[in-house]
Amino acid sequence: MKDILGQRRARIILENAIKQEKIPHFFLFVGPNGVGKVSMAKEFAMTLNCTSTDKPCRSCNICLSIINNKNPDFMLINNETIGISQARELKEIAFLSPISGRYRVFVIENAENLTLPSANSLLKVLEEPPSSTIFIFTVRDLGNILKTIVSRALIVPFSPVRREIIFSILVERGCPEDAALEISYLSEGNVEKAIEIFEAGNLERRLVPYLDIESLESPDTVLDTIAISLRDSIIRLAGGDERFIISKSYKSMINENRLENLIESFFFIQEIKTLEESNSDWKLALALLYRELEVR
Ligand SMILES: [Zn+2]
C-alpha cells in the first residue's frame, strides 16, 4: 500500500491488519476532512481484493473498478443522514457473498450523521460481521459517535496533511508557487479546502473592504488572511528572512504597527472565531480589528 497524502501511520495499521490471521471487520477512520480517508479506504479495498501478487497493482480489473467507483463490492455511502431503511438494506447486502473479489467493503462517510436508530440497527452486524464483509466508518471526531460502536472498531487515526504535500498537489494542478505556498497555510491540512481555494481563483480578493463586512457570511477566510499577514509582519518587524514570508500580495496591508499590537491582534482573531462559533455577533468585532490594523 502507499501512503495516501502522507498518512503513514494509517497505512501501517492497515497493512498490519491484513497480515493478521483474522482480518478485523470493522474500522473507524478518524480525522479531519480532506485528509485522504476515502482514498485510503479504496487503497485498502484494492489491497484486499487485487488479483496480482504485488497488491494493490492498480491495473487489474478489480483495482481499476474500485478506483473508478464501479466495483459492485466496494460501496461508498455518503448521504447527509443514513436512515433506518437504508441501514436495513445495508445489513441485507452485507450478508451476501462478494461478487468480484474476496471481500465486500462498505465505507460509510461521516458516520456521525447516522441517526441513532440506524446506528443501533447496524450495531448487530458490526458485532458479528459476515466473514467476507468489511465496514469502514469515517468520522471527524470519536466524540461524535456512539461508544458502543467505537468499542467494536479498530481505530485508524488520520492527521492533517503536511503543507509540503498540499503545496506540491497545487503546483501540479498549475497553481503558481507563491499562491500555492499561501494556500497551503490557509487550508489547515485539508486538501479539499486547498483545491477549493485555488479553483475559486480569487486569492487577491479574500480580504473584503471595510464597508463590505456587513455582507460577509462568515469571517473565516478574512481571519485566515489577516492571520497570515500578521505572521508575515511579525517576521518582518523581527528582521526575519524574506524567504519565510508567505503572502506577497498583502505587503502593505498592515501599516506601521508595533509588535505588541500585532500579537494582541492574534488573540483578537481567536475571540472573533469564538464569537462566530457561539452564534454571537462577530461583525462589529471584525470591524474593530480592521480599524486596529488600518486595513482598508
Ligand atoms: Zn490489482
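In this predicted model, P56 is placed in the loop that runs between helix 2 and helix 3, the latter spanning residues 61-67. The peptide bond that joins K55 to P56 is cis, with an omega of about -10°. The protein chain as a whole is divided into domain 1, covering residues 4-157, and domain 2, covering residues 163-293.

**Loop residues**

- N110 has its place in the loop between strand 3 and helix 5, where helix 5 comprises residues 116-127.

- Five strands, in the order 2-3-4-1-5, form an open sheet in which the pairing is parallel.
- Strand 2 (74-77) and strand 5 (154-157) stand at the edges with a single partner strand each, and therefore one side of each has no neighbour in the sheet.
- From one strand to the next, the twist averages 20°.
- Strand 1, made up of residues 26-30, pairs with strand 5 in the parallel sense over four bridges, and within this pair of strands F27 stands opposite L154 of strand 5.

**Helices on the sheet**

- Helix 2 (residues 37-49) packs on the sheet and touches strand 1, strand 2, strand 3 (104-108) and strand 4 (133-139), while the direction of helix 2 makes about 165° with that of strand 4.
- Helix 4, which spans residues 84-94, lies across strand 2, strand 3 and strand 4, and runs at about 160° to strand 3.

**The interface of domain 1 and domain 2**

- The centres of domain 1 and domain 2, taken over C-alpha atoms, are separated by 36 Å, and the contact takes five residues from domain 1 and six residues from domain 2.
- About 380 Å² of area is buried between domain 1 and domain 2, and carbon and sulfur atoms give 63% of that area.
- On the side of domain 1, the residues that lose the most area to domain 2 are L5, N33 and G34, which together account for 84% of what that side buries.

Note on methods. Residues numbered from 1 in each chain as written. Predicted model: local features only at pLDDT ≥ 70, side-chain atom pairs only at ≥ 80, totals over all residues. Heavy atoms only, no water. Pairing = 2+ DSSP bridges. Helix = DSSP H or I, 4+ residues; strand = E, 2+ residues; numbered from the N terminus. Axes fitted to C-alpha atoms, helices over the stretch in contact; angles between N-to-C directions. Contact = heavy atoms within 4.5 Å. Domains from an automatic or database assignment. Buried area = accessible area lost by both parts, 1.4 Å probe.
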